[in-house]
Amino acid sequence: MADDHEELVTERFAAESLVRSGADDLERAAEAALRPRRLDEFVGQRVVRDQLSLVLDAARGRGKAPDHVLLSGPPGLGKTTLAMIIAAEMGAPLRVTSGPAIQHAGDLAAVLSSLEEGEVLFLDEIHRLARPAEELLYMAMEDFRVDVIVGKGAGASAIPLTLPPFTVVGATTRAGLLPAPLRDRFGFTAHLDFYSSDELERVLVRSAGLLGVPLDHTAAAELASRSRGTPRIANRLLRRVRDWAEVRGDGTLSLVAARAALEVYEVDDLGLDRLDRAVLTALCTRFGGGPVGLTTLAVAVGEEPETVETVAEPFLVREGLVGRTPRGRIALPAAWTHLGLEVPHGSGTLFG
Ligand SMILES: Nc1ncnc2c1ncn2[C@@H]1O[C@H](COP(=O)(O)OP(=O)(O)OP(=O)(O)O)[C@@H](O)[C@H]1O
């Protein structure tokens with residue numbers, strides 16, 4: 001029964017992940033195939049795993065739906081995977097939707113009023129929920145109730161509808177944008193951090209096993225150190241190295257194959273890709289090291305500010321290449337060095 005259920009959740013999730021906005025369908029399908037399905041398959045994030053395991057065990061012991069869970073952190077670190085694992089561990093159905101997909105409070109009311117007892121509702125990009133939907137969600141999370149509005153204008157009336165207990169798993173790359181009343185309704189919040197190289201190596205070895213490809217230990221270490229601390233990138237690079245090995249090599253995922261593929265895909269020694277380097281280059285050469293505002297920087301690299309802020313910046317900040325100051329972004333000395341440029345005198349300070 002649990003297995004059947006797990007399969008159902010997985011299939012449904014795989015199907016849903018295929019239709020998510022703007023994503024490359026094939027990449028998404030490949031990603032879904034590598035997702036850990038249980039908490040003990042989930043590599044790294046030890047503290048989050050321990051805490052979550054306690055929350056789930058306690059809920060199971062009481063025979064109740066677990067508290068609402070909020071997961072934050074940069075893209076590709078496992079938020080969606082954890083939501084799916086929570087449903088699987090609870091033997092509960094999973095419903096997937098996202099902030100941008102919910103345009104009106106009525107859309108959310110329709111989802112909420114169709115939830116089954118114990119169902120896990122995964123709300124991706126929860127920071128992008130429209131305000132009226134957000135307010136409806138407060139009440140549903142706290143009181144397991146929604147007011148369904150019937151009719152329009154002066155004749156409209158609200159019919160209260162009691163909901164069965166369910167669990168919201170919210171995911172956000174920008175926890176700071178969540179209003180406090182919404183944040184406060186989550187009984188368990190966790191921030192996912194970048195993975196260490198050792199952890200990424202374990203992710204790669206596991207994925208190579210699932211793909212049935214022979215991955216050399218040195219190749220795994222090389223890929224891990226150039227995956228920007230992110231399992232999604234590690235898995236993506238693994239698939240590109242497999243392409244290289246099959247087309248231009250002898251099928252073995254060796255260090256030579258890894259290095260050659262990383263060169264083809266323009267992934268540098270630190271794991272920085274085209275966007276990361278564009279941000280660094282703009283910051284250092286066009287804006288003299290900054291400070292420069294996020295929007296101006298984003299225009300300079302031809303990206304949305306949110307993409308620069310959530311996709312490129314967290315890793316650049318963590319690597320000590322970029323600094324965030326009240327006056328804008330600045331290039332730190334390591335950024336100049338990484339680009340092979342001379343570090344200007346006094347760079348890396350607010351007044352540099
Ligand atoms: N801890 C982990 N162990 C093994 N694989 C992982 C882990 N975390 C993530 N992955 C892999 O990385 C891929 C991306 O993870 P996931 O989709 O959960 O990230 P996300 O944080 O939800 O990203 P986004 O914010 O873009 O939706 C998954 O396919 C999964 O296989």
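Colleague: Which residues come nearest to the ligand?

Modeller: Keep in mind that this is a predicted model, where local features need pLDDT of at least 70, side-chain atom pairs count only at pLDDT 80 or more, and totals for chains, interfaces and linings use all residues. Residues are numbered from 1 along each chain as its sequence is written. A residue is near a molecule if its C-beta atom, placed from the backbone, lies within 6 Å of it. Of the 22 residues around the ligand, the nearest are P75, G78, T80, T81 and P231.

Colleague: Which domains each supply at least three residues of the shell?

Modeller: The protein is split into domain 1 (2–191), domain 2 (197–264) and domain 3 (274–338), with bounds from an automatic or database domain assignment. At least three shell residues come from each of domain 1 and domain 2.

Colleague: Why does T80 count as buried?

Modeller: T80 sits in helix 4, and an unreviewed UniProt entry covers it with the annotation "binding site"; such annotations may be inferred rather than shown by experiment. A residue is buried if 20 or more other C-beta atoms, placed from the backbone, lie within 10 Å of its own. T80 counts as buried because its C-beta neighbours inside 10 Å number 24.

Colleague: How far apart are the C-alpha centres of domain 1 and domain 3?

Modeller: Domain 1 covers 2–191 and domain 3 covers 274–338. Their C-alpha centres are separated by 32 Å.

Definitions and conventions:
Helix = DSSP H or I, 4+ residues; strand = E, 2+ residues; numbered from the N terminus. Buried ≥ 20, exposed ≤ 12 C-beta atoms within 10 Å, placed from the backbone.
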